[in-house]
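Dear colleague,

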Amino acid sequence: MDEMSALQDLLEKLNQGKDVEAPSASSFPELDLDKIKKDLNLAKEGQERGAKNAPPPDADALDDVERKIVAVAEAGQRRQQQALNHQLNACHQRIAGLDVENEAINIGSA
């Protein structure tokens with residue numbers, strides 16, 4: 001294998017998978033608070049519970065509405081964690097497919 005074909009082989013391997021979406025350096029999307037408020041009907045819940053003074057000001061535990069809000073936030077966190085894991089796995093597969101050590105040997109011997 002001559003030097004030029006070794007370099008071309010390496011370039012081809014580096015170009016493989018370019019159509020795979022690369023992980024974004026941007027931050028994770030923020031929660032859509034307006035949608036959460038609407039979906040959980042928080043304005044109405046707040047008015048009704050406020051009229052009943054519920055939960056009591058000295059309550060230590062979260063009430064059912066607060067637990068729903070936490071559950072929505074945790075579900076969003078899990079979705080983003082899964083997306084990150086998927087992107088990291090795709091990157092790992094691309095890196096493993098490069099076989100850089102073997103290509104370095106081929107280039108060195110050329």
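A pocket here is an open set of points, on a 1 Å grid over the protein atoms alone, where a 1.4 Å probe fits, with protein on both sides within 12 Å along at least five of seven lines; lining residues have an atom within 4 Å of a point. Grid points are joined across faces, edges and corners, and a volume is the space filled by probe spheres set on the points.

By these terms the largest pocket holds about 290 Å³ of space. It is lined by 15 residues, of which Leu31, Asp32, Val72, Gly76 and Arg79 are the closest to its centre. The lining comprises seven nonpolar, three polar and five charged residues (nonpolar: Ala, Val, Leu, Ile, Met, Phe, Trp, Tyr, Cys and Pro; charged: Asp, Glu, Lys and Arg; polar: the others, Gly among them). Helices H2 (33-39) and H4 (64-98) each supply at least two lining residues, and H4 gives the most, with six. Helices are DSSP runs (H or I, at least four residues), numbered from the N terminus.

Asn53 is in the loop between H3 and H4 and has a positive phi near 55°. Asn41, in the loop between H2 and H3, also has a positive phi, near 55°.

The model is predicted: local features need pLDDT of at least 70, side-chain atom pairs count only at pLDDT 80 or more, and totals for chains, interfaces and linings use all residues. Residues are numbered from 1 along each chain as its sequence is written, and side-chain values use heavy atoms, with hydrogens and water left out.

With kind regards
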